[in-house]
Amino acid sequence: VKAVQSPESSVGPLHSTNGLALDRGPVLGPWTLDSGLETDMRPLEGIRVCDFTWVWAGPFGTLQLAHLGADVIKIESARRTDTTRGLVPADDRPGVNRGGYFNQYNQGKRSIALDLGTEEGRDIARRLVAVSDIVAENFSAGVMQRFGLDYDSLRRVKPDLIMISLSGYGATGPLSPYISYGPAQVPMSGLAGLTGYAGGPPSEVGISYGDPNGGIHGTVAVLAALWHRQRTGEGQYIDESQWEAALAMLPEGLLAQVLNGRPPERRGNRDGVRAPHGIFPCAEPDTWVSIACGSDAEFAALCGAIGQPDLALDERFATAAARKVNEDDLEAIVSGWTRDRDRWDVTRVLQAAGVAAYPAMTSADLLADDHLAARGLFTRLNHAEVGVRAHVGIPWHLSETPCTVERPAPLQGEHTDAVLREVLHLSDAEIAGLRERRILT
Amino acid sequence: MAGALDGLRVIEVAGGAAAGYCGKLLADLGADVVKVEPPGVGDETRTLGPFPGDIPDPEASGLFLYLNANKRGVTLDLTRPRGRALLHGLLRDADLLVHATPPPAMTAHGLDWATVHELNPRLVECTIARFGAGGPLAGYHGHEITSASAGGWTTITGSPDFPESPPLKAFGQQADFQAGAHAAAVSLGVLIGRDLHGGTGQHIDLSVQEVVISMLEMAIIHHSYGGRVASRLGSKVLQPWAMLPAKDGYVFLLCVTDDEWRRFVEWMGTPEWTEWEIFADRAARAATWDVLRPLLEEWTMQHTVEEIYQGGLANKLAFAPISTMGDLLASDHLRARGFFATIAHPHAGELVYPGAPYQLSATPWVLRTPAPLLGQHTAAVLGLTPEHAADLKAAGIV
């Protein structure tokens, strides 16, 4: 969400500071066996998704389906361009195909340009739905009804359809007509009120958390519905409220209220029962390391690693409860040790002793990281307008049917002709006619 | 009514909030989830609160009770051969094994892919690991704050108003919950693929660190598209997008589109601001936030949070209050949708929990049973005779 000019802003467009990521593919562990599969098809190959979603929540959800091999067809229109196509343009030169935000979260999808403001455009959309398994949308309430593309209309052309509507407040209830965005879910859900430095104001969490959280929950619901359809032939409609999905992430806050009549206080990086538990300063400016001990054994290991083994026997720190009471003293000791050290030295020393420690990483750190390069996290495909740039790829590996990001995010309408030809079997003349009537825009 | 995942058999080996949340998402939609906990101590989340009266109690952790409703619970010591043999018996009939056992301990606990794949070729195994199950750092230790930091989340959380303060972790177990949700999604996708394409099971290696990185919104692309490093000390790409003080607390303002900005300034009675070049578009307003912020604060300080929220709704603006937990439990909207769910637990009593994150029309989310007491279903799930159970208990296996 936030950006400052990088001290390394002269780094070239590839930003692979160590070169590793460009040369090394994913490294799989020793569990990889010869495939027992009769096919090497990716899990959702053969599943088609009509994707009407935009901004972040919906696209984050359908991205997961694309990662798993589904054919995700994004239905767009230049008449209402996705706002993320305008965010973080490559090299600060705007253009509908240059937005990094869009290009990150729409990898692996296809795009068809269709003016849903016309009856003919809506007819094409319905014909696509008729040959799809899943429809996803996150428009404001009522938009799909106005287009005649609501669930009750669409199930007539596809009786076993699975459709998800993802909205701020859900499809029912007094607030359902109102607009919301992912960033607003952070305060709405109470997460902002629970997050923040001790004694300070509520805090945002650096990302529009309601969006990816809403998106991934939508993916779970859609795939559960698909599992059910595979067994029973029955489709269904899913109503997801991003607000409610965000509340599902806050059981400790809500149950503290239910159990004790009050919410937890804001306490920075501290934990309710564990100490030390924080992010401590290191030698270089604005470099930090997280350190957390979950047990007495881990604390004893920390004391040994920092050369103060007697601390583990000190009655101020001998138990978790005592460490919580004397946490200010304990943090002063830990930060006294980290303050003059390099964050990676701290990490190596503590990890070798079995203590959970790791630097607080920046985006520049992540893009240059050897571990992530070895696992092949970042994709660097060639995009027709922005060239080769790093995007986050798939955060998991499959042993038998490896999944990779097959294509960069689509240009607006890049696959219009291909989809109409291959999926709907339209002739070149029919496509030309639609284009002439300005339906494909 | 049937659940969407009726017939799906899941074995969850306990180990924190990520595997617990994965199992919960599946159990709440009808899967038969058996949770395997270490005897004596149980799942790590039993030690995390909140607790009634703030007194630690492994059968009354709010987090544990929330994560484990709708599951059955057994205890097994997987460091012992007899414990592993009993686990392997359960795996023979299962569709999915999910766990967050640290990769170096997987073989010792009988969870390595070669072993479980041979036992049951149709089994899907999902390993949730802090740094993934493979790669140079696969053996590194971690907790929630480790993953939030390793994933690049904490350096972008905080505020330029506190330049000396450290990177900040979001409240709760957000990295673990996201990893658990991704694990549930990918596991379902792989299981569907297994059945669609007539294949065998496979191993999913899911990294909590990478899941966090995948949710950093613009942080990675700020670098690869603009050569900038995202930071909690930096500025936003658009404004207004901020929490500002109102008469009686903080309120959140957001105008993503220029239409929203126009409606906002008309409502404030300052329509001429749309003519000002320094506020010309969302990026310009971000660049001149130092000027805009005090102007907006002057207005927000004259109104209550509720006035601003309600006015926002009426003007089609996604403004928001900073909800307290009490506000949420009292919300008319959430009540009308039946969001909160209540169930009685034999030890902790009747409690209200966060409910369905989604409503499925044909196969609804249902809270059926409370979280298991430690080892509550051991004998029933393992099919033990009283003699066998007593023997295993005496040996410390269950």
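1. Over all chains, the structure holds 57 salt bridges, a salt bridge being a side-chain nitrogen of Lys or Arg within 4 Å of a carboxyl oxygen of Asp or Glu. The model is a predicted one, in which local features need pLDDT of at least 70 and side-chain atom pairs count only at pLDDT 80 or more, while totals for chains, interfaces and linings use all residues. Residues are numbered from 1 along each chain as its sequence is written, chains are lettered from A and ligands numbered from 1 in the order in which they are written, and side-chain values use heavy atoms, with hydrogens and water left out.

2. The interface of chain A and chain B comes next. Here 168 residues of chain A are in contact with 155 residues of chain B, contact meaning heavy atoms within 4.5 Å. The two chains bury about 14300 Å² between them, 66% of it on carbon and sulfur atoms. Buried area is the accessible area (1.4 Å probe) that two parts lose on being put together, summed over both.

3. Across this interface the rule finds 64 residue pairs in polar contact, both residues at pLDDT 80 or more. Helix α9 (residues 210–232) of chain A gives the most to the side of chain A that touches chain B, with 14 residues. Helices (H or I, at least four residues) and strands (E, at least two) are DSSP runs, numbered from the N terminus. A polar contact is a pair of N or O atoms within 3.5 Å; within protein, one must be able to donate a hydrogen and the other to accept it, and residues adjacent in sequence count only if both atoms are side-chain atoms.

4. The interface also has 10 salt bridges by the rule. One joins the side chains of A:Asp286 and B:Arg232 (3.1 Å, N to O). In another, B:Asp205 meets A:Arg375 (3.0 Å, N to O). This pair crosses from strand β6 (residues 203–207) of chain B to helix α17 (residues 370–375) of chain A. B:Asp205 counts as buried at 0% relative accessibility, and A:Arg375 is buried with a relative accessible area of 0%. Buried means under 20% relative accessible area, exposed over 50%, partly exposed in between (1.4 Å probe, protein chains only).

5. Within chain B, Asp176 and Arg130 form a salt bridge, with the closest N and O atoms 2.9 Å apart. The pair links distant parts of the chain, 46 residues apart: B:Asp176 in helix α6 (residues 174–196), B:Arg130 in the loop between β5 (124–129) and α5 (144–150). B:Asp176 is buried, at 4% relative accessible area. B:Arg46 and B:Glu59 also form a salt bridge, with their closest N and O atoms 2.9 Å apart. Both B:Arg46 and B:Glu59 are buried.

6. A network of salt bridges links A:Arg231, B:Arg9, B:Asp95, B:Arg122, B:Arg194 and B:Asp195.

7. In helix α3 (residues 81–91) of chain B, the buried residues are B:Gly83, B:Arg84, B:Leu86, B:Leu87, B:His88, B:Leu90 and B:Leu91. Their cover includes β1 (9–13), β2, β4 (96–99), α4 (113–119), α15 (378–382) and α16 (386–394) of chain B.

8. In chain A, Thr84 lies in the loop between β3 (71–76) and α3 (100–105). A:Thr84 counts as buried, at 1% relative accessibility. Its side chain makes a polar contact with that of A:Asp82 (2.9 Å). Not counting residues up to four places away in sequence, A:Thr84 touches A:Val55, A:Gly99, A:Tyr101 and A:Phe102.
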